[in-house]
Amino acid sequence: MKTYLKYFITTFYIAAIITSCSKKKEVSDLRLWYNEPAAKWTEALPIGNGRLGAMVFGTPGVERLQLNEETVWAGQPNSNSYPEALQHLPQVRKLLFEKKWKEAQDFVDAKMFPRNDLGFNQGMPYQPVGDIELTFPGHENPEKYCRELDLSTAITTTRYTVDGVEYTREAFASAVAQVIVMRITASQKGKLSFTAKLTSPHSKCMFGSSGGASGNAVQWADLLLNGTAGDFENLEGKVKFTALTKVVADVTKDVISGNTHSDDKSASADFADINAVTVYISMASNFTDYNTLSTDEYVKAANFLQSAVNKNYEELKKEHIADYQRYFNRVKLDLGVTDSIKKPTDERILEFAKANDPQLAALYFQFGRYLLISSSRPGTQPANLQGVWNDLMTPPWDSKYTSNINLEMNYWPAEVTNLPELHEPLIELIKDVSVTGARTAREMYGTRGWVMHHNTDIWRITGPVDYAQPGMWPVSEAWLSQHLWERYLYSGDRDYLKEVYPLMRGAAEFLLDFMIPEPEHGWLVVAPSNSPENSFDKQQGTTNTYGVTMDVQLAFELFGNVISAAQTLGIDNAFADTLRQAVAKLPPMHIGKHGQLQEWLFDWDDPNDHHRHVSHLYGVFPSNLISPTRTPELFDAARRSLNYRGDPATGWSMGWKVCLWARFRDGNRAYKLITDQIRLCDSPKTNYKGGGTYANLFDACPPYQIDGNFGCTAGIAEMLMQSHDGAVHLLPAIPDVWNKGSVNGLRTRGGFVIEELTWENGVVKTLKIKSTLGGNLRLRSAEELTNADGSALAKATGDNPNPFFATPAVPQPVISPEAKLTAPNVKPVHEYDIPTEVGGIYSFR
């Protein structure tokens, strides 16, 4: 790393680099490109296959690939359930119902938390494997430099010229071969010489290397790293991992130098006079599942490596592209292209708010899909707080699975942007935590079902972490269960629903047992809890209370979804009746004196509170409890709350706000949030350090969190099409700047696919929809629609008979006499009903 920085901070790049990126004959709309190497990690380009990740820096003199394997976490299998909490639950509730808020919160900290000093931990950190450094002597002063990431192929390319020789590096992470591959070529024979070095930040490591000339054209050199992940917070690290690097080189003579060296800090090998070289990197750990560490990490890594090197580079590349594109090519988005595309990506980010660059928004949308494909595949771990990319031994928030917004946000694009298979890792995590969470529910709270607080990790902990202010939030199980139900609404797969129904039921059982009548109205409330991370008493930092709005929304939604699932499957009638009785006892939502949707049961909201979390707006998005037609008062109050919160915030918060303004059908405001989010930060080109976007398009909380990328991608999809409120709504929040465009491939609830949607002047021009499940298709549009042949469509009346579009009957809110409400004031719409058959394609204009 020091060598790399030494090369970068010299001034030659400013004077010597002449970009060749913008001069390419074919300029792809789907490229991130730059005319200088990455100066820091958040400028490097990410590649991944779900299990493995690498950050590619593209430095001519010293290339760096920072490496991750998804199961390299500190610690070992463990539980942070804290049985001592159960005996203290009545006392904390007594304090809460006496409105002794701070005393209750302090009591939770003292008596109900699995603290480190009691031998527990607050979750384990995700950790890197190490780095591959490739040092190229004499490449310190390149010309015609360019590096790029092509989203259409998931391949990074670095290209430059030294002394008339063009050098090219291509890198990708193959999900088929399960290795990371880099191909390095020179335009003239024998001009490629370099040293490969493997390092790691871990203290428990052993390095090895071997090399030598073999035959007439192939040079083999193996670099080996065996390591053990770190100890952390009372837990010894027991994840063992292996990284293997094999270099296969084309040579110009029978015998070339192949010097190797290893010590306790690195392994290295030298190569000289090569025409082209392929670098294969394989990594694996002993992780089997959250309870078991029995996999042979070396054998697993070696098997992947051996299989990969048996194929030539072009074969690996071809199968990689085919595998990747079967996901990526499902959705296309065209918002128009301007001359801004000729500028490097970091300059486009810097200028985005003031420039006419609609294609950057489309690129950002597709980058979110790229990241999900690269960090979440069937059979892998879910994307964590940083996806699969991390260079720190103790990353921010340990790069865990934070489940009071961030984990869920990671998967908002999965269904709507046509990547449903990539939802599977989250579904599998939910299955795991339903098991570990059953123990926590039983031991800590004496309930049935399962519970999860606001964080988990690879060991699937479900007890509270950190401290009471953010950590006493026992309702993650409800939010996670929404993903179980939503996946069914998109797929219509009854076998899947039958499989996950026990998980949904278990979450509902926990809330049924844990909720308790509050003293004033007898409403069932979650106590203790908090509105995620926001204090109603800023001076004392008090969050713990009961009956917060988000908890009410989550319980109402979960109970309703379980009732619907039971009806669909024809089971559990008695339990469904129990849930109906509980729903009737939940508090209604409240509209406070400022005309706002109250965040808490009590009217504590401050219009000047600009907190990053907007948890009380869960009912707007991702839920569908609040609607301009079904709940107009709540719609206006929620919109007012979002106005009070303001626009600039952490990156992920702005991504959520894009989704919310799209649901409020305000395309221009949603687009304004996109310009806030796509704001260059932490760059020499700007002094801005707040929430926004790094030069490599990673979301800046700051620091880096991947959820903001996914949130904004989902928000852009919501601007183009919505299906949560009883119909497929076309262009519900199209901004003025996206005057003309097209989108193909978005999915809707009920199994419909938008095969083609084009618009001009913000008005639908052509529409083609495929029905995968059959049933009624209700279209909603601000403009009148006809069949493609010009014949009239049947006007919709009443509720949509398609059960996948059922909407909840939300109780009337309690409204403060001081509140001044206005009408929702959204565009009037036309609605049509079209009967469809499985496999049918229907065209409109």
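The model is predicted. On that basis, helices α13 and α15 come within 10 Å of each other, axis to axis. Helix α13 also gives the most residues to the lining of the largest cavity, while α15 supplies the largest share of the lining of the largest pocket.

**Helix packing: α13 and α15**

- Two packed helices are described by the angle between their axes and the distance between the axes.
- Helix α13 spans residues 476-491 and helix α15 spans residues 549-569; their axes cross at roughly 40 degrees.
- The crossing of α13 past α15 is left-handed.
- On the α13 side, the contact uses Ala478, Trp479, Ser481, Gln482, Trp485 and Tyr488.
- On the α15 side, it uses Met550, Leu554, Glu557, Leu558, Asn561, Ser564, Ala565 and Thr568.
- By class, the contact residues are eight nonpolar, five polar and one charged.

**Largest pocket**

- The volume of the largest pocket is about 700 Å³.
- Its lining has 30 residues, and those nearest the centre are Trp485, Gly560, Asn561, Ser564 and Ala806.
- Trp485, Asn561 and Ser564 also belong to the contact of α13 with α15.
- Helices α13, α15 and α16 (573-583) each give two or more residues to this lining.
- The largest share, eight residues, is from α15.
- The lining divides into 14 nonpolar, 11 polar and five charged residues.

**Cavities**

- Seven cavities of 30 Å³ or more are present in the structure.
- The largest cavity has a volume of about 190 Å³.
- Its lining is made of 15 residues, with Tyr411, Trp412, Glu486, Tyr490 and Arg749 closest to the centre.
- Two or more lining residues come from each of α10 (412-416), α13 and α20 (707-720).
- Helix α13 leads with four residues.
- Seven nonpolar, three polar and five charged residues make up the lining of the largest cavity.

- Strands of a sheet pair through backbone hydrogen bonds, either parallel or antiparallel.
- Strand β30 (residues 775-781) pairs with strand β33 (residues 830-836) in the antiparallel sense, over seven bridges.
- Opposite Asn776 stands Pro835 in β33.

**Backbone details in loops**

- Pro528 sits in the loop between β20 (524-525) and α15.
- Asp682 has a phi near 50 degrees, a positive value in a residue other than glycine.
- Asp682 lies in the loop between α19 (667-677) and β22 (692-693).

Terms used:
Residues are numbered from 1 along each chain as its sequence is written. This is a predicted model: local features need pLDDT of at least 70, side-chain atom pairs count only at pLDDT 80 or more; totals for chains, interfaces and linings use all residues. Side-chain values use heavy atoms; hydrogens and water are left out. Axes are lines fitted to C-alpha atoms, for helices over the stretch in contact, and angles run from 0 to 180 degrees between N-to-C directions. A crossing is left-handed if the near helix is turned anticlockwise from the far one by less than a right angle, and right-handed if clockwise. Contact means heavy atoms within 4.5 Å. Ala, Val, Leu, Ile, Met, Phe, Trp, Tyr, Cys and Pro count as nonpolar, Asp, Glu, Lys and Arg as charged, and the others, Gly among them, as polar. On a 1 Å grid over the protein atoms alone, a cavity is a set of points where a 1.4 Å probe fits but cannot get out, and a pocket is an open set with protein on both sides within 12 Å along at least five of seven lines; lining residues have an atom within 4 Å of a point. Grid points are joined across faces, edges and corners, and a volume is the space filled by probe spheres set on the points. Two strands pair if DSSP finds at least two bridges between them.
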